[in-house]
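Please read the following points with the structure open beside you. They are meant as a colleague's careful notes.

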Amino acid sequence: MPNKDLNVQFTNRGRSGKIDKLNIWGYIFLLPFTLVFIVFQLIPLVNTIYNSFFENYMAGLKQVGPNFVGLANFGELFKSGDLVKYFGNTMIMWILGFIPQIVLSLLLSSWFTNPSLRLRFQRFFKTVIYLPNLIMASAFAMLFFTMFDITGPVNGLFVKLGIFKEPFSFFTSIGATRGLVAFMNCLMWFGNTTILLMAGMLGIPVDIFEAADVDGATPTQVFWKITLPLLRPILVYVMVTSLIGGLQMFDVPQILTNGKGDPMRTSMTLIMYLNKHLYSKNYGLAGALSVLLLIITAILSFIVFKVTGEEELNKKAR
Amino acid sequence: MAGNTNSSSADAEFKSASGTLKARRAVCYVVLVIISILCLFWFYMLFINATRSNDELGQGFTLLPSSHLGENLKNIFNNGTIPIVSGMANSVIIAALTALLSTYFSTMTAYSIQVYNYKGKKAIFTFILAIMMIPTQVSALGFVNLVKGMNLEDNFIPLIVPSIAAPITFFYLKQYMAANLPLSLIEAARIDGEHEIGIFNKIALPLMIPAIAVQAIFTFVSSWNNYFTPALILHDSSKKTLPILIAQLRNADFLKFDMGQVYAMIAFSIFPVIVVYLFLSKYIVGGVTAGGVKE
Amino acid sequence: MKNVKKTLAMIASIAMAGSVFAACGGGNGGSSAGTTAATTTAAEAAAETEAAAETEAAAEPAGDEGKVLNIQVWNEEFKSRVTDHYPGYEEVDATHGKIGDVDVVWTITPSTDNAYQNNLDSILPGNADAAADSKVDIFLVEADYALKYVDADVNVAMKLSDLGITDADLGDQYQYTKDVVTDANGDLRGASWQACSAGLIYNREIAKAVLGSDDPADVQAAVADWATYNETAAKVADAGYYMTAGYADTFRVYSNNVSAPWVQDGKVVIDPNIKAWVDATKAQVDAGQTSASADLWGDEWAKGFYSGQGTKDVFCYFGPAWFFNFSMHSDDAASIAANGGWGFTVGPQGHFWGGTWICAANGTDNPTLVKDIILTMTTNKDVLKEIATADSDCVNSKSVLADLASSEDGNIALLGGQNPYAVLAEGAEKVDMSNLSIYDQGCNEEFQAAMKNYFSGAGSYEDALAQFNSAIVEKYPELTTD
C-alpha cells in the first residue's frame, strides 16, 4: 500500500479506507530520528570526511593549515603500513574473544532453554553472567593490569602452585597481552550474547524438534541441522553487533597497555591509533583514518550480511 | 508469539536415561558455578581494594577486606578537586535521559518502519542498518567541531540528544516489534477513533516494555560508563561525569596518588548501575525471552 | 601587542599610585620586601615603555585590577604551597580562595593524555580577549614542555621584566631554573620555587652487604662514573639484588647529559648519550641487574621501597628531594624509608627531575598580584625556608640551601639522618639545560616506552626505534625522523 502522495493532509480517522492517508504518520514518526541523525551524525561525518583532504594540525601552539592536500593524508597512512598491522591486531583480538564467547553463549543458552534439564537458580545465573558488562571497561582493565602484573597475585599463585618456575611478564608477551584483551572482552560480553541467543532459541517452535525426534535425529544433528539454521537471524545480529564492537575496541587495550599497544604495538587497535591523532590534534590524518575505518566497516559488514543472512534481513524489511 | 513455548535445540540431547541426565545436570551446575565465580570475582576484588589504603594496595593482593573503606570514601568526598556529588548527579541525569530518549524515539522509529507503508521505507531501513556499522569514534572529530560551533561545550545536550538516533537500539526494537505487536490491535484502535500518536503511546509502547527495558539498561550502562565523548565535551569540573572524575583521580600526580581512593570511587560509581540493573534485570532474564529478537 | 602595552601601562599607573597590593593584601609581612622592590622596578619598567603606552595609561584608572585570579594547574602541589605559605591567602574551598578582596580560582586539569596542555592551548592564545573574570592570570609549566609556552612568537607567558621583576630579584635562584623558562631572545618568562637536582638514593643494607660500607663517600666511589657503576651493578646482581628497580630508572641521568637537543631543525636525533642508555640498560636487563617490565611508578617498581616484597630487593633509585617523602612510602611503618634505611649520593652523573614553573599569562588583569605571588613564592627566603622544612622541597635559593646544609633542619630521617642538601645544592649548580626542546616530554616518554620492547626481547633495537619514530610523528606531525 505505498502512499505516493506526500502532501495528503491527515483529516479523518478510522476506517481502513483512510489507511493510505494515515501512512503520512510513518514520516512523522521518522522525523526525530532523521533530524537528530542529520545534525549529530551526518554533519560531523561529512565534516570529518572534508577534513581528511586537508593538512591541518597544531604544532605546539601554532596552527598549521588547513591546506588542501588532496589524498596525501591517505597516502601517508598507507605508506607506513601501520594501518594494516593495527587492523590485523584488532581482528585477531576480536576473533580470539568472539569464538569462546559465541561457543560459551550457545552452550549456556541451550542449557537455560532446555526444559528437560530443569536447571535451578536460573534467574541467579542469568543475572550474574550479565554483571561483568556493568563494570566500566577501563576499571576492569585496571584490575587486570594489577592482577597480572609481574609482582601481582596471579604470578604469585602460579609460582606457588609450581605452574610457573619464575614470575611471567604477561605484558611483554604478545600472546599473553592479546589473550588477556580477548579474555576480558569475552567475559564482558558473553552474558549479553547468551541472553540474546536464549531469546532466539525460545522462538523456535517445539513441533520442529518433536518432528526431528520422531524421525530419529541425533541431538548433534538437531543442533547443526535445525537449531543453528533457525538461529541464523539472531546469530547475524550477534555477529554484526559484535563485529562493530570489535572494530571499536579501545578502552580495554588502551588501559591495559597504557595507551602504547605494546609489546611492539601488537595490541594497538585501529581506534587507539585514531585516538593518537585526535589527541595530537592532527585533524587531517584523523579525518583520513576515520574515512578508512568507515570503508573497512562497510566492507566487513557487507561480507557478514552476504555470508550469513541477507535474505533474513531483507525479509525483515518487509 | 513464540515466547511461551518451552523447548530448544539441545533438549533432545538430554532426553535419554535419567541417570545421565543427572550427570549432565551436575556438569551444568559445575560449569555455571565456575562461570559465576569468574563473573563475580571482579566485583569482589573491587570491593576489597576499596577497603584498602594506598600503602596496603602497594604491598600486593589479598582476598580479605581491610579497614580503610570509610577513610577512602571520606577522602573522596573531601577531595575538593573531585566533585563526586555533582559527578554522580551529572551521570544520573545524562544516563537516565539518554536511556529514556533513546528508547522512546527508537521505538517510535521502529513503529514507523513496522506499522506504516510509505515510499522509500525499505531504503530507509537499509540505510539505518548501514549506519549502524559506523563506529562513533569515526565522526568524533566532526562531532567536536560541531559542538564547538553550536557553542554547546560543557553542555549535556550533545551527550543526550544524539542518542535519539540509535540504530542498534532501533534494530533490536524493530525485531521485537515484528514478533510482538499485532497490527490488528492497531487497526482496532483506529476503528475506535484513537489518534495515531495516542495509539503509539497507549497501545504500542506498553506492549514494548520488556524490550524497552532491555535496551534501557544497555543504553543506561553504556552512557554511564562512557568516557570517550564526555571527555571531549565536558571541561568544567562541575559538569564532569563519574568516568572522567575516575580518570582524573587515577591520573593524579604521584604526590597525591591514592589507589585506595581510586578503587573506592569505582566501587561507588558502579553501585547505582548495579541497582538499576537488578531492578530491571527481570526484563533482561525474563523479558527478552518473551520474544526478543526472533523471526 | 596592544594588550601587552595596555598591561604595561596598567602596571605603570598602579606603580605610580603606590602599592595597591599592600593596601588590599593586609598581614603581608613576609612579602613586604618583595612588594617594595616590585614597586620600584615596575616604575622603571614603566619608564621604559613607549610613549603610546603612557598616553593609554592615563586613561586607565589606578588600581583597576581584576577581582578574580585564575590559576591553571595540573595538580594540587602549588595550591597547597600557596595555601600554606603565601601570606594573606585564605582557603574558601578546595578550588577557591581569597587574597584580600580578590577571589582565587584554581582550575585543575590532569596532565595525562596531554589534557593539561590541550586545555592551555585552547585558552591561552585568546586570553587577552576573554571576559575579565575568566582571564587566566597564572599558569604552571613543567620543564619538559616549558619552552613551548615561553616561546617569544607564541607569547602566551609574560616576560618577567614586563611584570617588573628584575634579574636582581632572582639573583639567589639557580641558573638552570632560569634557563628552562628563557625564550630564544633571552627573556625570562617564568620562575620556580624548586631546584630539583637529583641524585642516587641507595639501600643502606645492600650497600653494607655488597660494598662493605653504607657511607655516602664509599658508595659514591662505587658509582662515580658509568664504568664503576656497571661494575657495582654486576656485584649487586651477583648478591641477588637488582641494581635499579626498572629499565627506565637511569634514563633521566643520561638524557640530562646529552650533547644536543632531541629535535634539531625539525628532525628527531638520537643523541649518543641516549644510545648509551639503551646499550647500558639492555646489558643490565640481560645480566639480570634490572627489570625490563617495571615501569616508573608501577607496582613492580614500587616494591623496591620495601624489603623482600618484589622479585628482588633494589639497590638504588634516582631521584630529587621531593622523591623522598612522597614516593618512598615513608608513612608506612613496614617500608625501608620509615626505618631510615636509605642513603643519598650524587651518582655517576648530575641530573635533575621535575620542578614546576610559575608563568604569568599574557592578558592577565591582575599583574600586581601575579608579580607578588611570583616574587613571594620563588624569592622570599622566609617563605622558601618554610617550604623546605615543612614540605621537604629542595627550594630554589642558594642561600636557603646553604643554611639547610649546615643545620640540623636539613637532616632527613628516611636517609638515616643524613643531610643531603650540600649534595643537592652542588648538583643544582651543575645542571645544564642548554639542550632543552619543546618536544622533550613526548620524546622522553615515547623513547622509554619503545625501548622497553627492545629490553624485554619483544623486538630488536631497530624495531623499537621504528616504533619510537612513528609514535613521535603521531604526536608531533611537524617533525621528521630518520
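1. In this predicted model, helix 5 (residues 122-130) of chain A packs against helix 8 (residues 174-202) of chain A at an angle of about 130°, with their axes 7 Å apart. That angle makes helix 5 of chain A oblique to helix 8 of chain A (under 35 degrees is roughly parallel, over 145 roughly antiparallel, 65 to 115 roughly perpendicular, and the rest oblique). Lys126(A), Ile129(A) and Tyr130(A) of helix 5 of chain A meet residues of helix 8 of chain A that include Phe190(A) and Ile195(A), where contact requires C-beta atoms, placed from the backbone, within 7 Å.

2. The peptide bond from Asp262(A) to Pro263(A) is cis, with omega near 0°, and Pro263(A) is found in the loop between helix 12 (251-256) and helix 13 (270-279) of chain A.

3. Is His329(C) buried or exposed? His329(C) is buried, with 21 other C-beta atoms within 10 Å (20 or more within 10 Å count as buried, 12 or fewer as exposed, and in between as partly exposed). Phi of His329(C), which is not a glycine, is positive, near 55°.

4. Chain B averages a pLDDT of 82, and 86% of the residues score at least 70; pLDDT is the predictor's confidence in each residue, from 0 to 100. Over residues 1-16 of chain B, however, the pLDDT is below 50. Where pLDDT is low, the predicted coordinates should not be read in detail.

5. Residues are numbered from 1 along each chain as its sequence is written. Chains are lettered from A in the order in which they are written.

Definitions and conventions:
Predicted model: local features only at pLDDT ≥ 70, side-chain atom pairs only at ≥ 80, totals over all residues. Contact = placed C-beta atoms within 7 Å. Axes fitted to C-alpha atoms, helices over the stretch in contact; angles between N-to-C directions. Helix = DSSP H or I, 4+ residues; strand = E, 2+ residues; numbered from the N terminus.
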